[in-house]
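Hello,

Here is the structure I promised to pass on to you. My notes on what turned up in it follow below.

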Amino acid sequence: MQPDTFRRSFEPVLQRLLHFYWRFARGLTIGVRALVIDGAGRVFLIKHSYIAGWHLPGGGVEVGETLMTALARELHEEGNIEITGPSPLFGVYYNRRVSRRDHVALYVVRFFRQSAPPQPNHEIVAHGFFTPDALPEGTTRATRARIAEVLDQIAVAEFW
């Protein structure tokens, strides 16, 4: 058997073994957040029941989900927001405050539909669109930094 043929025949098994190993040796978590900007230039923020402050909407990417699928799901769940156009990836950040394995992908959403404001629930206790110069008290440092990076075009940080 030729070395190339041998490698190709074992490649699917080898890939599975390597991915299993990497899950523990190099494992990381990834989440998505959206800077949703309406036609008036206001940004959409949410307030969770389980963590202090106002945040950009988003959450964890589930196994088998793409980043965009997770983003669409989170926006629907947290803001009754449906993405209707291009939503470019703005940056990927290392979130070392959560764990040594956490990363966050930030998307900018300008094309969307919100058929009705979301109703507060056990997870999201408040929400709203706010002008960048009048963010609510308690807006987190990271949220303020991401808004400034996108809207004021300041240098993009490496860390969330």
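To read what follows, take a salt bridge to be a side-chain nitrogen of Lys or Arg within 4 Å of a carboxyl oxygen of Asp or Glu. Please keep in mind that this is a predicted model.

Salt bridges

By that rule there are six salt bridges. One of them joins the side chains of D38 and R42, with 2.6 Å from N to O. D38 is buried at a relative accessible area of 13%, whereas R42 is partly exposed at 32%. In general, side chains of opposite charge can pair when their charged atoms come close.

Another salt bridge runs between E82 and R113, at 3.2 Å from N to O. Here the partners come from distant parts of the chain: E82 belongs to strand β5 (residues 82–83) and R113 to strand β8 (residues 112–113), 31 residues apart. E82 is partly exposed, with 42% relative accessibility, and R113 is partly exposed too, with a relative accessible area of 45%. Within it, E65 pairs with R73, their closest N and O atoms being 2.7 Å apart. R73 has a relative accessible area of 22%, so it counts as partly exposed.

Nonpolar cores

Now for the inside. The largest nonpolar core has 16 residues, and the members that touch the most others are L35, V43, L45, L56 and I147. Two or more residues each come from β2 (43–48), β7 (102–109) and α3 (141–151).

Helix α2

Which residues of α2 are buried? They are A70, L71, E74, L75, E78 and G79. Looking down the axis of α2, you will find these buried residues within an arc of 130 degrees, so they line one face of the helix.

As for its length, α2 (residues 67–79) has 13 residues and spans 17 Å from its first C-alpha to its last, close to the 18 Å expected at 1.5 Å a residue. After α2 comes N80, which has a positive phi, near 55 degrees.

Aromatic pairs

Finally, the rings. The count is five aromatic pairs. In one of these, F44 and F129 have ring centres 5.0 Å apart and planes at 55 degrees, so the pair is tilted. F44 sits in strand β2 and F129 in strand β9, so this pair ties together parts 85 residues apart in sequence. Both F44 and F129 are buried.

F129 also pairs with F112, and that pair is stacked, with 5.9 Å centre to centre and 10 degrees between the planes. This one links strand β8, where F112 lies, to strand β9, where F129 lies, across 17 residues. Through these ring pairs, F44, F112 and F129 form a cluster.

Definitions and conventions. Residues are numbered from 1 along each chain as its sequence is written. This is a predicted model: local features need pLDDT of at least 70, side-chain atom pairs count only at pLDDT 80 or more; totals for chains, interfaces and linings use all residues. Side-chain values use heavy atoms; hydrogens and water are left out. Buried means under 20% relative accessible area, exposed over 50%, partly exposed in between (1.4 Å probe, protein chains only). Helices (H or I, at least four residues) and strands (E, at least two) are DSSP runs, numbered from the N terminus. A nonpolar core is a set of buried Ala, Val, Leu, Ile, Met, Phe, Trp, Tyr and Cys residues joined through side-chain atoms within 4.5 Å. The expected span of a helix is 1.5 Å times one less than its number of residues. The arc is that of the directions from the helix axis to the C-beta atoms. Rings of Phe, Tyr and Trp (its six-membered ring) pair if their centres lie within 6.5 Å; planes under 30 degrees apart count as stacked, over 60 as edge-to-face and the rest as tilted.
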